[in-house]
Amino acid sequence: MGESSSDSVSVDVETIYLGGKEHIVRTGCGSVSVIVYGDQDKPALVTYPDLALNHMSCFQGLFFCPEAASLLLHNFCIYHISPPGHELGAAAICHDNPVPSVDDLADQILDVLNYFRLDAVMCMGVTAGAYILTLFAIKYRERVLGLILVSPLCKAPSWTEWLCNKVMSNLLYFYGMCGLVKECLLYRYFSKEVRGYAEVPESDIVQACRRLLDEKPSTNVLRFLQAIDRRPDITEGLKMLKCRTLIFVGENSPYHSEALHMTGKLDRRYSALVEVQACGSMVTEEQPHAMLIPVEYFLIGYGLYRPSQFNGSPRSPLSPSCIAPELLSPESMGLKLKPIKTRLSTKR
């Protein structure tokens with residue numbers, strides 16, 4: 001472990017993180033782990049995972065997809081931010097530390113950007129992470145180039161979600177990361193097709209996620225859950241967003257209607273919705289190929305392209321014919337995005 005500055009500690013863990021480097025960044029509301037992949041001279045892509053997840057359990061499927069990895073790593077340096085205490089090998093956070101609010105978590109992102117001397121960044125978040133990044137974009141509009149949101153939240157919890165969160169909170173407090181908590185979380189993340197039923201076994205991605213959940217300190221998960229459970233409705237703030245936004249949602253996601261609500265509140269000139277059939281909330285893991293072509297055309301609006309050797313990959317289940325023609329029309333901002341819908345049932 002080596003001291004990189006008075007404000008942070010940088011830990012080189014390249015073997016564990018397949019070429020990435022972990023930085024522990026001290027912020028105004030505690031320390032956060034940031035895994036950095038790629039050339040820091042490139043534009044920045046910041047990711048933020050869902051509840052109880054980190055970059056390995058939330059974005060591994062997308063970044064291990066060769067075409068997507070080439071597109072993103074060719075154009076960006078990736079900064080994977082973990083919610084406090086959600087990084088691999090995290091110790092339990094002291095009970096005496098106050099539970100952060102969602103505003104605190106959004107402000108931590110600002111501290112991370114300032115630490116790395118990043119100006120405006122592209123953001124990618126999943127569900128709770130999508131909420132935090134959207135809140136960050138509302139609060140600090142000049143620091144966000146664009147949003148790629150997967151099964152996002154923008155309203156306060158519904159009664160159904162509140163009840164589920166209350167059950168999980170009590171179980172985490174009294175029993176830790178027990179079997180019922182894991183089942184609630186897996187329902188949150190994945191569709192029935194991959195969770196398994198009757199004689200159909202769990203898929204590999206669900207089994208891997210289940211193992212990773214076992215490693216999470218339950219007190220840390222409880223703290224993030226409490227922050228998200230107390231979140232305010234940010235629907236009105238969506239009208240202030242000026243960056244382009246690309247939303248993915250699985251049609252079997254518990255947050256499908258919330259993604260539709262959010263899309264309806266965004267400026268239709270600069271937003272697009274992609275619904276993925278037979279998929280749960282975590283499209284990044286369950287059907288990462290479904291994200292490839294929409295993300296590629298989204299990035300074209302910023303003058304960013306896929307490396308030529310990957311153009312026209314036959315392994316991608318998407319083709320330009322799946323994209324609404326309006327999405328491909330150049331406008332003054334580079335690309336006009338309209339709500340679109342894909343009907344894909346390709347499994348990993």
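Among contacts (heavy atoms within 4.5 Å) between residues at least 6 apart in sequence, 76% join residues at least 24 apart. The model is predicted, and local features need pLDDT of at least 70, side-chain atom pairs count only at pLDDT 80 or more, and totals for chains, interfaces and linings use all residues. Residues are numbered from 1 along each chain as its sequence is written, and side-chain values use heavy atoms, with hydrogens and water left out.

The protein has 13 helices and 10 strands, taken as DSSP runs (helices H or I, at least four residues; strands E, at least two) and numbered from the N terminus. Of its 348 residues, 57% count as buried, that is, under 20% relative accessible area, with exposed over 50% and partly exposed in between (1.4 Å probe, protein chains only). The accessible surface comes to about 14500 Å², 52% of it belonging to carbon and sulfur atoms; areas were computed by the Shrake-Rupley method with a 1.4 Å probe, and for residues only the protein chains shown count as cover.

Helix 6 (residues 159-175) and helix 7 (residues 179-189) have axes that come within 9 Å and cross at roughly 145°. Axes are lines fitted to C-alpha atoms, for helices over the stretch in contact, and angles run from 0 to 180 degrees between N-to-C directions. The contact is made by Met168, Leu171 and Leu172 of helix 6 and by Leu180, Val181, Cys184 and Leu185 of helix 7.

Val167 lies in helix 6 and is partly exposed, with a relative accessible area of 36%.
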